[in-house]
Number of protein chains: 2
Amino acid sequence: MGKLDEVVITEVSPRDGFQSLPQIVPTEEKIDFINQILNCGFKQVEVTSFVHPKAIPQMSDADEVLQRIKRPTDVTLRALVPNLHGLERAIKAKVDKVKLMLSATDSHSLNNANEKTIDAMRGFESLVEKAEENSIQLEGSISVAFGCPYEGLVPIERHIEICKRYEQLGITDISLADTTGMANPDSIKRIIYSLKTQFPEFCYSLHLHNTRGMAFANAVAGFEEGIVDFDSSLAGLGGCPYAPNASGNIATEDLVHGFQEMGIKTNLNLDRIIEVAKKLQISYPKESESFILKAGKVSDLHIAPTEQIKLGK
Amino acid sequence: MGKLDEVVITEVSPRDGFQSLPQIVPTEEKIDFINQILNCGFKQVEVTSFVHPKAIPQMSDADEVLQRIKRPTDVTLRALVPNLHGLERAIKAKVDKVKLMLSATDSHSLNNANEKTIDAMRGFESLVEKAEENSIQLEGSISVAFGCPYEGLVPIERHIEICKRYEQLGITDISLADTTGMANPDSIKRIIYSLKTQFPEFCYSLHLHNTRGMAFANAVAGFEEGIVDFDSSLAGLGGCPYAPNASGNIATEDLVHGFQEMGIKTNLNLDRIIEVAKKLQISYPKESESFILKAGKVSDLHIAPTEQIKLGK
C-alpha cells in the first residue's frame with residue numbers, strides 16, 4: 001500500500017488488543033474507542049474478528065460493533081475470519097477486507113484451528129469464492145512465521161509451500177506475523193528476501209510483537225527489505241499467552257514515533273494517537289506497554305536545571 | 001575490540017545501574033554482585049565511577065569496592081572519572097581503564113560538569129599526562145551524542161569538533177552515549193558513518209538506553225556500521241532522570257540474546273547472565289526492565305495444549 005519513503009500502519013488494538021484482555025470490554029466502550037481510533041488518520045483498522053463466541057468471547061459482539069461505529073468512507077475496515085461462517089458474518093457486517101487466519105506450523109494450526117496448516121488452506125477455496133461474489137477484499141496471513149512457540153524456527157520451505165497455495169487461491173496480500181515475538185532482524189530479512197524473490201508480485205505486511213524487545217528493530221529490518229505495511233496496537237495492548245507479563249504487540253505510538261524520527265512518513269497524527277493510547281492505558285494499565293507513554297517523544301525537551309535557576313523555577 | 005562477526009559487550013550495571021537507584025546499594029552487596037558479574041564471561045566491566053561522594057553518593061565506596069572484589073586477570077576493569085582527582089583515586093585503586101566524562105552539548109555539560117564542553121576538554125590534558133605516567137588505558141566519551149534533553153539533536157559538526165580535540169589529546173577510543181534514549185537507527189548510522197569517515201583510526205563504542213524502545217534497533221544499526229563494542233546493564237538497571245518510570249540502559253540479557261539470535265557471537269554465557277539478572281531484578285524490581293526475564297529466550301519452547309492432553313498434563 002505505501003511508497004518507499006512512507007509506511008502504512010494498520011491499527012489492530014480493537015482486535016488483537018481487546019482479544020488479549022482477561023476481561024470483556026463492554027460494547028459501548030469498544031465503539032467509543034474505535035471511533036476515537038478512526039479519528040487518528042489510519043487508512044486501515046482491524047476492528048474485530050468473526051470467530052465463535054465460545055472460542056473468543058471478547059469478540060462476540062463483532063456484528064454489533066461493526067453496525068454501530070461511525071464508519072468513515074476513506075478507512076478500510078478489516079476483520080479476521082477463521083472460516084466460511086465467519087466470512088458470512090463479516091459480509092453481513094459490511095467489512096471492507098477480511099484477513100484469513102493461518103498458522104505456519106502444524107502444531108500451532110492444530111491448536112488454533114483444529115487442523116493442520118495445509119488442511120486449513122483447503123477450506124479457504126470456498127471462502128475465496130464467497131469473497132469474490134461479494135466483492136470483499138481478501139488478505140492471507142502466516143502466523144508464527146518467524147518462530148513457533150511449540151516447534152521453534154520455521155524453515156523457509158514452509159513459507160514457500162504456503163505462499164504457493166495462496167498464489168493458487170489468488171491471494172497475494174500476505175501478513176507475516178511474529179505472533180509470539182520470536183523474530184530478529186536477520187530472520188526478518190532472510191524470510192522476506194526469499195519470499196520476495198519467489199513471489200515478487202505479492203504484497204507483504206508485518207505484524208510484530210515486542211515480546212523480546214526486538215519489534216522496532218524488526219520493523220526497521222522489514223522496511224529495509226521493502227516492507228511498507230505494518231500492524232501495531234495502541235498502548236501496546238495485546239499479550240503473549242505463554243508469558244503472562246510479557247510485552248505484546250508493538251505499540252502504535254512507539255512505531256509511529258520511531259519511523260517519524262527516522263524521517264519516514266506515516267501520514268498519522270502522533271499527538272492524537274498518544275491521546276487515545278493514554279486513555280487505553282488508563283483503562284487497561286496492566287495490559288498496556290508503551291515507551292512513548294512513559295518517556296514522551298524525543299522532541300519533548302526539558303529545561304536544564306541551570307536554566308531553571310535562572311528562570312527562578 | 002571485537003571482530004566483525006562478533007561483538008564485545010561491556011557490563012555497566014555496577015556503575016550506571018547502581019548509580020541510578022534511589023537507594024545506596026550496601027558495599028557488601030555490590031561486591032557480591034560484581035563478583036557474580038565477573039563470572040559471566042565479560043571481557044570488560046565498568047565497576048564504578050570516581051566522582052565526588054556529594055555529587056553521587058551511590059559511588060562513594062568506589063575505592064573499597066575495587067579493593068575487595070575478586071579481580072580476574074583477563075577482565076578489564078573500567079571506571080568513570082570526571083577530573084584529575086578522580087583519576088588519581090582510580091590509579092590508586094588499580095583500575096585497568098578510565099573513561100572520561102564529557103557531554104556533547106554545553107547545556108548538558110554545564111549541568112553535569114559545571115563548565116562548557118570544550119572547557120571541560122582543556123582539563124583533560126593533565127589527565128592524559130597522568131594516565132600515561134601510570135600506564136592506565138584512557139577512553140573518551142561523548143554523552144548525549146544522539147540528542148540532548150535540553151538542546152535536542154546534536155549537529156555532526158559538534159561531534160567532529162570534539163573528536164578533533166580527542167585526537168589532539170591522543171585519545172582514539174570513543175564511547176558514543178545515547179544517554180537519554182534519543183537516538184534512532186538513522187541517526188546512529190549517519191553519525192557513525194561521518195565520524196568513521198573523518199576519524200577512521202578511531203575505535204567507537206555504543207552506550208545505548210532503551211528510553212523510547214529503539215535501543216536494540218540502534219545496536220543493530222551500529223553493528224551494520226561496523227561497531228562491535230557495546231555497553232549494557234544487567235536487568236536493564238539504570239534509569240532516565242527526566243522520566244522516572246522510563247526504561248534505562250538496554251538490558252544485557254536482551255542485547256546478548258538478540259545478537260545471539262542473529263548469529264552474532266558474544267562469547268558470553270547467556271544462562272549465567274540471566275541468572276544474575278534475575279537476582280538483580282529481585283533486589284531492585286522497580287528499577288529493572290528486561291524482556292528476556294519476562295518472556296524467556298526464543299529457544300525456550302512450550303508444549304502445545306494438544307500435546308499436553310496426550311501427555312496427560
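Mentor: Gladly, starting with a convention: angles under 35 degrees count as roughly parallel, over 145 as roughly antiparallel, 65 to 115 as roughly perpendicular and the rest as oblique. This is a predicted model, where local features need pLDDT of at least 70, side-chain atom pairs count only at pLDDT 80 or more, and totals for chains, interfaces and linings use all residues. Residues are numbered from 1 along each chain as its sequence is written, chains are lettered from A and ligands numbered from 1 in the order written, and side-chain values use heavy atoms, leaving out hydrogens and water.

Trainee: At what angle do the axes of α9(B) and α10 of chain B cross?

Mentor: Helices (H or I, at least four residues) and strands (E, at least two) are DSSP runs, numbered from the N terminus. Axes are lines fitted to C-alpha atoms, for helices over the stretch in contact, with angles from 0 to 180 degrees between N-to-C directions. Here α9(B) and α10(B), residues 215–224, come within 8 Å and cross at roughly 30°. The two are therefore roughly parallel to each other. On the α9(B) side the contact (heavy atoms within 4.5 Å) involves Pro185(B), Ile188(B), Lys189(B) and Ile192(B), and on the α10(B) side Ala217(B), Asn218(B), Ala221(B), Gly222(B) and Glu224(B).

Trainee: Is the crossing of α9(B) and α10(B) left-handed or right-handed?

Mentor: A crossing is left-handed if the near helix is turned anticlockwise from the far one by less than a right angle, and right-handed if clockwise. The crossing of α9(B) and α10(B) is right-handed.

Trainee: Which residues of α2(B) meet α12(B)?

Mentor: Glu29(B), Phe33(B), Gln36(B) and Ile37(B) do, facing Val276(B), Lys279(B), Leu280(B) and Ser283(B) of α12(B). By class, this contact has four nonpolar, two polar and two charged residues; Ala, Val, Leu, Ile, Met, Phe, Trp, Tyr, Cys and Pro count as nonpolar, Asp, Glu, Lys and Arg as charged, and the others, Gly among them, as polar. The axes of α2(B) (residues 27–37) and α12(B) (residues 270–283) come within 10 Å and cross at roughly 155°. These helices are therefore roughly antiparallel to each other, and their crossing is left-handed.
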